[in-house]
Amino acid sequence: MLLGQLNALASPLSQEQVQKLQGLVAELNPIQQAWVSGYLAANANTTALGGVVGAAPSAGDAAALTILYGSQTGNSKGVATKLKEQAESRGLAVKLVSMSDYKPTALKKEKFLTVVVSTYGEGEPPEDAETLHEFLATKKAPKLDGVKIAVIGLGDSSYEFFCQTAKDFEERLNKLGAETIYQRADLDVDYDDEAATWITGALDAFEPDLKAQQSTTGGQVVPFGAPAIAASQYTKQNPFAAELSLVQKITGRDSTKDVRHVEISLEGSDITYTPGDSLGVYFLNDEALVDEVLTLTQIDAASQVKVADEELNVRDALIEKLELTQSYPGFVEKYAIATGAPELLRLVEDKAAMREYIEPRQIFDVIRQNPAKLDAQTLVDCLRKLQARLYSIASSQAEVEDEVHLTIGLVEFEAFGSEHFGGCSGYLARRAEEGCKVKVFSEHNDNFRLPANDETPVIMVGPGTGIAPFRAFLQERDAREASGKNWLFFGNPHFTQDFLYQVEIQGYLKSGLLSKVDVAFSRDQAEKVYVQDKLRSNSKEVFAWLEAGAHFYICGDANRMAKDVHQVLIGIIEENTGKSKEDAEQYLKDLRSANRYQKDVY
Ligand SMILES: Cc1cc2nc3c(=O)[nH]c(=O)nc-3n(C[C@H](O)[C@H](O)[C@H](O)COP(=O)(O)OP(=O)(O)OC[C@H]3O[C@@H](n4cnc5c(N)ncnc54)[C@H](O)[C@@H]3O)c2cc1C
Ligand SMILES: Cc1cc2nc3c(=O)[nH]c(=O)nc-3n(C[C@H](O)[C@H](O)[C@H](O)COP(=O)(O)O)c2cc1C
């Protein structure tokens with residue numbers, strides 16, 4: 001129906017709204033009208049989805065390229081967004097959809113599909129990809145004969161199961177009949193350049209068929225997705241140099257842990273954040289280590305080298321641009337070839353031995369134990385680009401305005417007779433001086449959000465530095481005067497040494513913002529007690545909160561704590577409902593689908 005013919009009786013609009021719409025349309029040229037129609041469609045979708053920006057979970061459109069992404073910390077989402085932009089610039093119709101918003105049954109309507117997905121844990125999918133990943137392996141998954149696909153994986157080669165989820169997706173889609181038309185790429189942490197190359201190659205492969213399909217279906221290219229929200233100009237690629245205002249140790253003198261409360265000023269930037277987001281922080285490697293590496297490799301500190309497109313001296317490159325701590329097989333392999341060290345060359349052939357070798361070593365340990373004269377550029381080419389570390393934001397802007405707070409555990413350990421520190425935590429806790437500049441960017445995380453309804457109760461499980469986002473949640477709920485109940489589970493080794501933000505937590509308990517706090521100080525008694533034990537001993541009440549609509553959050557250690565808490569939750573559901581384990585797992589899956597079970601684990 002044309003707008004000129006539109007009247008209030010034939011539409012869901014009031015007469016006044018029809019007039020306004022007609023007035024607006026009269027002012028727009030055809031391109032502006034097409035843009036507004038895309039905007040409104042996306043906006044309607046966004047509202048229906050409870051605020052998921054840019055999602056297009058409609059059924060498959062045969063003339064469009066569907067880009068499905070599964071992303072925990074935003075990297076795959078970023079690559080998927082670039083893929084969408086490049087496709088649109090070629091005049092291709094595209095739908096960009098988070099896997100968490102995608103109805104698996106829409107698969108059978110797809111013709112052209114790309115998957116961008118990261119990997120977590122022991123080769124597991126990110127949270128938002130779990131349901132689809134699992135569905136594809138079930139009998140319910142549809143036949144996909146004739147569907148053309150391309151898959152790109154983001155991962156970290158320091159993990160054993162490198163890009164496993166991307167491999168799974170491709171294998172499962174192929175098994176259902178889909179044809180890979182562009183080779184899968186498994187990309188490491190410094191993925192930017194290779195992702196750009198893959199995007200060009202994949203679109204070259206899709207374009208002829210997609211264009212043919214578009215012309216036969218009369219497909220019109222209407223850009224899908226909301227127009228970009230005014231995002232900060234400061235990103236991972238273009239971070240903001242922010243002032244480090246405060247670094248304060250918040251564990252006791254006798255603690256086995258060194259945890260720092262860090263405050264950074266965002267003044268002068270346009271960076272904003274929401275509780276649940278993380279802050280990306282770049283750091284400088286330890287100058288003493290860099291000088292030792294240069295001595296061990298007999299490289300002159302002033303030698304000029306190239307890192308990506310930038311020319312600088314090798315010393316600065318090692319301090320600012322390259323990883324020297326987090327080890328991974330790729331470095332050992334390149335260093336083995338560059339130096340010809342026989343012990344290292346043997347490892348290249350033996351994956352298991354390689355894993356065992358890198359486990360206790362940082363990169364400079366490998367160099368220390370295998371010194372060799374090298375050319376400066378050769379050393380640089382062995383190393384990967386330094387990556388920002390992410391930290392869960394521990395503050396709400398409703399309370400701290402243009403500051404951002406973090407809770408950082410110093411990574412420190414003894415190995416081979418010397419003390420070792422994490423690259424970023426070591427920099428912030430030991431070397432950076434208050435008042436200096438640190439490069440930062442904010443990383444949005446729509447998968448870890450307070451409920452939109454302030455009356456909804458929340459249960460937060462955050463032992464150790466896992467407390468960080470819950471400090472932000474509590475500040476936010478306090479500022480919003482949210483009436484929903486809040487229950488915090490916190491744990492650490494000792495009450496007297498390790499009760500992070502104790503005064504604040506007790507204050508919130510007193511003011512009533514926190515309805516309940518359960519603490520597990522594991523080493524204060526003969527029997528170890530952890531947050532999962534506290535959950536178990538509150539089984540009835542935890543379940544009653546869930547039944548009353550509570551959202552359940554976990555933050556902190558991914559390896560053990562988050563898994564144990566998950567298992568205990570299943571037990572709680574079984575116990576209180578009489579359900580089988582399978583049905584209890586389904587109960588949790590349903591919670592997750594409703595965004596009521598969210599994790600921020602690392
Ligand atoms: C979304 C997200 C949120 C996060 N939030 C927080 C947070 O709020 N607070 C926080 O503290 N961290 C947080 N982290 C972790 C943080 O990003 C860093 O991984 C952490 O600070 C370590 O970084 P680093 O540069 O100090 O150490 P790196 O230089 O990266 O070194 C760490 C590496 O050292 C090695 N290593 C560690 N201990 C030993 C040992 N005993 N023996 C041998 N090798 C060892 C391991 O290989 C480890 O991967 C978060 C991570 C993610 C992904
Ligand atoms: C706790 C944690 C576990 C991870 N486990 C793996 C893994 O098993 N295999 C892998 O290839 N990458 C692993 N990674 C690396 C991520 O997949 C990588 O950082 C990726 O770029 C994240 O993309 P995303 O932001 O889209 O989720 C892990 C990262 C974290 C923080």
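The following dialogue examines a predicted model of a protein chain with two ligands, by question and answer.

Modeller: The model is predicted, and local features need pLDDT of at least 70, side-chain atom pairs count only at pLDDT 80 or more, and totals for chains, interfaces and linings use all residues. Residues are numbered from 1 along each chain as its sequence is written, while chains are lettered from A and ligands numbered from 1 in the order in which they are written.

Biologist: How many helices and strands does the protein chain have?
Modeller: Helices (H or I, at least four residues) and strands (E, at least two) are DSSP runs, numbered from the N terminus. On that basis, the protein chain has 22 helices and 20 strands.

Biologist: What percentage of the residues in the protein chain is buried?
Modeller: A residue is buried if 20 or more other C-beta atoms, placed from the backbone, lie within 10 Å of its own, exposed if 12 or fewer, and partly exposed in between. Among the 602 residues in the protein chain, the buried share is 41%.

Biologist: In what order do the strands of the open sheet that contains β4 stand?
Modeller: Two strands pair if DSSP finds at least two bridges between them. The edge strands, each pairing on one side only, are β2 (94-98) and β5. The five strands pair in the parallel sense, and their order is β2-β1-β3-β4-β5.

Biologist: What is the average twist from one strand to the next in this sheet?
Modeller: Axes are lines fitted to C-alpha atoms, for helices over the stretch in contact, and angles run from 0 to 180 degrees between N-to-C directions. Within the sheet β2-β1-β3-β4-β5, the average twist from strand to strand is 15°.

Biologist: Why is strand β4 described as largely enclosed?
Modeller: In a regular strand the side chains alternate between the two faces of the sheet. Lys148, Ala150, Ile152 and Leu154 point one way from β4, Ile149, Val151 and Gly153 point the other way, and all are buried. Strand β4 (residues 148-154) is therefore largely enclosed by the rest of the structure, the buried count being seven of the seven residues.

Biologist: Which residue of β4 is the bridge partner of Leu113?
Modeller: Strand β3 (residues 112-118) runs parallel to β4, and seven bridges join them. In β4, the partner of Leu113 is Ile149.

Biologist: What is the handedness of the crossover from β3 to β4?
Modeller: A crossover is right-handed if, with the strands pointing away from the viewer, the path from the first strand over the helix to the second runs clockwise. Between β3 and β4 the chain passes through helix α4 (residues 130-135), and this β-α-β crossover is right-handed.

Biologist: At what angle does α5 run to β4?
Modeller: Helix α5 lies across β1, β3, β4 and β5. Its angle to β4 is about 165°.

Biologist: Is Glu160 buried or exposed?
Modeller: Glu160 is placed in the loop between β4 and α5. Its C-alpha lies 7.5 Å from that of Glu122, although 38 residues separate the two in sequence. With 12 other C-beta atoms within 10 Å, Glu160 is exposed.

Biologist: Is Leu546 buried or exposed?
Modeller: Leu546 belongs to helix α20 (residues 539-547). From C-alpha to C-alpha, Leu546 is 8.6 Å from Pro457, and the two are 89 residues apart in sequence. Because 22 other C-beta atoms lie within 10 Å, Leu546 is buried.

Biologist: Which residue of β19 is the bridge partner of Ile459?
Modeller: Another open sheet of five parallel strands has the order β18-β17-β16-β19-β20. In it, strand β16 (residues 458-461) pairs in the parallel sense with strand β19 (residues 551-556) over four bridges. The partner of Ile459 in β19 is Phe552.

Biologist: Which residues come nearest to ligand 2?
Modeller: A residue is near a molecule if its C-beta atom, placed from the backbone, lies within 6 Å of it. There are 22 residues around ligand 2, and those that come nearest are Ser71, Thr73, Ser76, Ser118 and Gly155.

Biologist: How many charged residues are in the shell around ligand 1?
Modeller: Ala, Val, Leu, Ile, Met, Phe, Trp, Tyr, Cys and Pro count as nonpolar, Asp, Glu, Lys and Arg as charged, and the others, Gly among them, as polar. Around ligand 1 there are 24 residues. Ten of the shell are nonpolar and twelve polar, and the number of charged residues is two.

Note on methods. Two residues are in contact if their C-beta atoms, placed from the backbone, lie within 7 Å.
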